Amino acid sequence: MTLPRTDRARLLFLFAAAVAVTVFTATVPLLRDWFDLRVYHGAVDHWIHHGGRLYDYRVPGTPYGFTYPPFAAVAMLPMALLGLHAAIAVALLLNLAALAWVLRILTGPAWRRYGWFGCALGACVLALFEPLRDTISFGQVNLILLALVLTDAWLLATGRERWAGVGTGIAAAIKLTPALFIGLLLLAGRRREAAVATAVAAGATGFAACVAPDASRFYWTVAMWDTTRVGRPDYVSNQSLQGILARLGEPDRAAWAAAVLLVLCVWANRARRAVAAGEWVTAFALTGLTACLVSPVTWVHHLVWLLPSFAVLVRAGRPRVAGALYAVLCTSVVWLWFDDASGIDGFLGSNAYTWITLGLLLWLPIRQPCSDGATLPRSTRATAPAPSAAAPAIAPVSGHPAPPSAAGSADAGSADAGSAAVVDATGPDRGLTRSASSDPTGSARPAAPKPQSSSSRASSYTVKPPPA
């Protein structure tokens, strides 16, 4: 498709795209009414203002309450000073800021080449991505965690190792899943950064234990092990390995453990290769994919961790593959099997997002390791010689020829020196107007009282508290 070239035509095209996106989001993926944010705000308010226990709170009319580690509640304490609507506004701004930072890391300075039209069109495309839609409309924290972890990837790729590990440590203290990125640092031989991440996570957890000793004791001894607090593992929104097994009616933990072990072995092998090639963002993308697969529960909105993988695909010259997979993750297709996931069609369709995640883990492109055997990318400021007058100002990265695109071939190395390693891993020459993040707990079907785990059909508004 040829995009319009004049400003007038572009404005008309964007208007039509915005209308189409609005119609789609108003009819296919129903809004989540900030359900998870209501959980956070209600739990903190119950804990601080009413003297209740943090993990005893339940959203009125539902069995759902706070499930994160105590440090997450401590980090959310400012909510106690805000009303619900103000908290929603702040959460929306934080999510948008986190998304902007994630896209900045994944695209580097290349986004400037697309101007206002490309950025506006990219925003329309992002608005379709189901994990991103649900993350925002639930009021979830996924984007903030992704931004924290990718900050470490950016620091490592650009030679700013001094603070690397801090973001991962904070993310792991807020939610357990990002702890797998500490394992990536160990695999990469970055012991100092792994130690920093571990120390930050332990320090934050210890701080929470001092602030809320009773809540900490309850969480680490009771709540953490109570899987019923999170939701039903066979619910169609659970797009993890355990979700597949649960929908098959397979209760054997040994089968799940074996599948997890196999996936971890694949991840360790491919992540080592990515680090050896100097592709930190690819290594972090593989780790995000693995975390989604091995976690006992991966709701659709958790799949914002797939965003770096789309950036890697685009950079590797496979935009059509990235676009096709991205399009599937915009469709809410898994909800067609909301009521019945039996049969071959149910097995394939209800787990569609898990198959995409698994496929990306197995086949995400990785370049060959650097010829000098270096496993540790350094900042190009410190190691790259200054270009000679005769040398071209922009050159493709060695070992990875630029894709044969009229616009891309000349721009494959357009990143500035400080972010060259990140851009190399993610595709500055093509940008990220096709990538996005959101979790599809919304669908053409009505939403459940707690869309991730309810057995009943849902409504557009997930919670209707009783009148005061």
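**Exercise 1. Find the residues that Leu306 touches, leaving out those up to four places away in sequence.**

Solution. Keep in mind that this is a predicted model.
- Step 1: Set aside the residues up to four places from Leu306 in sequence.
- Step 2: Look for what remains in contact with Leu306: Leu289, Cys292, Leu329, Ile356, Thr357 and Leu360.
- Step 3: Together with Phe66 and Phe284, Leu306 has the most contacts inside the largest nonpolar core, a set of 113 residues.
- Step 4: See which element gives this core its largest share: helix H14 (residues 280-294) supplies 11 residues.

**Exercise 2. Decide how many residues of helix H15 (residues 307-315) are buried.**

Solution. Let's walk along the helix.
- Step 1: Start with Leu307, Pro308, Ser309, Phe310 and Ala311, which are among the buried residues of H15.
- Step 2: Carry on to Val312, Leu313, Val314 and Arg315, also buried.
- Step 3: H15 is followed by Gly317, which has a positive phi, near 80°.

**Exercise 3. Work out what kind of aromatic pair Phe35 and Tyr64 form, and which parts of the chain the pair ties together.**

Solution. The model has 22 aromatic pairs, and here is one of them.
- Step 1: The ring centres of Phe35 and Tyr64 are 6.3 Å apart, and the planes meet at 75°.
- Step 2: Planes over 60 degrees apart count as edge-to-face, so Phe35 and Tyr64 are an edge-to-face pair.
- Step 3: Phe35 lies in helix H2 (residues 35-49), while Tyr64 is in the loop between H2 and helix H3 (70-75), so the pair ties together parts 29 residues apart in sequence.
- Step 4: Check the surroundings. Buried means under 20% relative accessible area, so Phe35 at 0% is buried, and so is Tyr64 at 11%.

**Exercise 4. Classify the pair Phe347 and Trp355, and say whether Phe347 and Trp355 are buried, exposed or partly exposed.**

- Step 1: The centres of Phe347 and Trp355 are 5.3 Å apart, with 65° between the planes, and the pair is edge-to-face.
- Step 2: Phe347 has a relative accessible area of 28% and is therefore partly exposed.
- Step 3: Trp355, at 29%, is partly exposed as well.

**Exercise 5. Name the residue that lies over the face of Phe218.**

Solution. 
- Step 1: Locate Phe218 in one aromatic cluster with Tyr40, Tyr55, Phe66, Tyr68, Tyr219 and Trp220.
- Step 2: Look over its ring face: Arg53 lies there, 5.4 Å from the ring centre.

Notes: Residues are numbered from 1 along each chain as its sequence is written. This is a predicted model: local features need pLDDT of at least 70, side-chain atom pairs count only at pLDDT 80 or more; totals for chains, interfaces and linings use all residues. Side-chain values use heavy atoms; hydrogens and water are left out. Buried means under 20% relative accessible area, exposed over 50%, partly exposed in between (1.4 Å probe, protein chains only). Helices (H or I, at least four residues) and strands (E, at least two) are DSSP runs, numbered from the N terminus. A nonpolar core is a set of buried Ala, Val, Leu, Ile, Met, Phe, Trp, Tyr and Cys residues joined through side-chain atoms within 4.5 Å. Contact means heavy atoms within 4.5 Å. Rings of Phe, Tyr and Trp (its six-membered ring) pair if their centres lie within 6.5 Å; planes under 30 degrees apart count as stacked, over 60 as edge-to-face and the rest as tilted. A charge sits over a ring if NZ of Lys or CZ of Arg is within 6 Å of the ring centre and within 35 degrees of the ring normal.
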